[in-house]
Amino acid sequence: MRKPKLAIALALLLLAALASTLTYTGFLVVGVLADYLGTGRFVAGLLLGVLFARFPSISQGRLRIVGLLPKAVRRPLIAGLLALCMLHFLARADYVPAAFTGFAMAFLFAYPWARRAIFDRMLSSVFPFGGRAPARNTDDMVIDGEFREKKD
């Protein structure tokens with residue numbers, strides 16, 4: 001009876017540590033960006049907020065999420081900002097902030113894979129053939145056709 005409670009407590013502790021690590025990394029990124037732009041942290045944070053903001057919109061009867069940046073540009077831009085910050089801290093020999101930004105970059109690249117793996121595992125426990133569909137076996141030597149009989 002204690003094992004599930006311990007597992008839940010450990011999972012919540014890990015999620016809290018991840019959230020605090022990524023929050024601190026965001027603080028570091030805003031600080032470095034403010035330093036390069038010559039503004040305060042507040043203005044740099046507002047610029048990043050406007051750049052990455054997404055809003056719901058209804059067009060043609062469908063709910064969509066609209067943002068300033070297209071979906072294909074967001075992740076590389078975030079990775080570029082994290083790489084810039086990590087290089088900035090390594091050039092100044094600040095290894096702890098560089099480690100935080102490196103961890104955030106590793107999490108950014110590993111998150112889609114981990115999300116797919118966890119989601120597929122959860123689906124496979126609920127549905128017998130959940131997750132990705134198995135590859136369909138096709139034989140190139142078989143001609144598949146449909147015949148209909150015509151009535152007079």
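Reader: Let's start with one residue. Where is Ala 83 found?

Author: Ala 83 is found in helix 3. Bear in mind that this is a predicted model.

Reader: Is Ala 83 buried, exposed or partly exposed?

Author: Partly exposed. Its relative accessible area is 26%, and buried means under 20%, so Ala 83 does not count as buried.

Reader: How far apart are Ala 83 and Val 29 in sequence and in space?

Author: They are 54 residues apart in sequence. In space, the distance is 9.9 Å from C-alpha to C-alpha.

Reader: Back up a bit. What does the secondary structure come to?

Author: Four helices and two strands. From the N terminus, the order is α-α-β-β-α-α.

Reader: And how much of the protein counts as buried?

Author: Of its 152 residues, 17% count as buried. The accessible surface comes to about 12,900 Å². Carbon and sulfur atoms hold 66% of that surface.

Reader: What share of the contacts join residues at least 24 apart?

Author: The share is 40%, taken among contacts between residues at least 6 apart in sequence.

Reader: Back to helix 3. How many residues does it have, and how far does it reach?

Author: Helix 3 has 21 residues. It reaches 31 Å from its first C-alpha to its last. That is close to the 30 Å expected.

Reader: Which of its residues are buried?

Author: Arg 74, Ala 79, Leu 81, Leu 82, Cys 85, His 88 and Phe 89.

Reader: What is Arg 74 in contact with, leaving aside neighbours within four places in sequence?

Author: Phe 52, Arg 54 and Leu 69.

Reader: What about Leu 82? Which residues does it touch, not counting those up to four places away?

Author: Leu 82 touches Thr 25, Val 29, Thr 101, Ala 104, Met 105 and Leu 108.

Reader: Tell me about Thr 25. Where does it lie, and is it buried or exposed?

Author: Thr 25 lies in helix 1. It is buried, with a relative accessible area of 3%. Leaving aside neighbours within four places, its contacts are Leu 82, Phe 100, Thr 101 and Ala 104.

Reader: Now the largest nonpolar core. Which of its residues touch the most other members?

Author: Val 29, Leu 33, Ala 44, Leu 48, Leu 82, Cys 85 and Phe 89, out of 17 residues in that core. Helix 1, helix 2, helix 3 and helix 4 each give two or more residues to this core. The largest share, six residues, comes from helix 1.

Reader: Switching to the surface. Which residues form the nonpolar patch there?

Author: Leu 37, Phe 42, Val 43, Leu 46 and Leu 47. Together they have about 500 Å² of accessible area. Helix 2 gives the largest share of the patch, four residues.

Reader: Where is Leu 47, and is it buried, exposed or partly exposed?

Author: Leu 47 is in helix 2. Its relative accessible area is 47%, and it is partly exposed.

Reader: Last one. What phi does Ala 93 take?

Author: A positive phi of about 60°.

How values were computed:
Residues are numbered from 1 along each chain as its sequence is written. This is a predicted model: local features need pLDDT of at least 70, side-chain atom pairs count only at pLDDT 80 or more; totals for chains, interfaces and linings use all residues. Side-chain values use heavy atoms; hydrogens and water are left out. Contact means heavy atoms within 4.5 Å. Patches are made of residues with over 30% relative accessible area and no salt bridge: like charges are joined within 9 Å, nonpolar side chains (Val, Leu, Ile, Met, Phe, Trp, Tyr) within 5 Å. Accessible areas come from the Shrake-Rupley method with a 1.4 Å probe; for residues, only the protein chains shown count as cover. A salt bridge is a side-chain nitrogen of Lys or Arg within 4 Å of a carboxyl oxygen of Asp or Glu. Buried means under 20% relative accessible area, exposed over 50%, partly exposed in between (1.4 Å probe, protein chains only). A nonpolar core is a set of buried Ala, Val, Leu, Ile, Met, Phe, Trp, Tyr and Cys residues joined through side-chain atoms within 4.5 Å. The expected span of a helix is 1.5 Å times one less than its number of residues.
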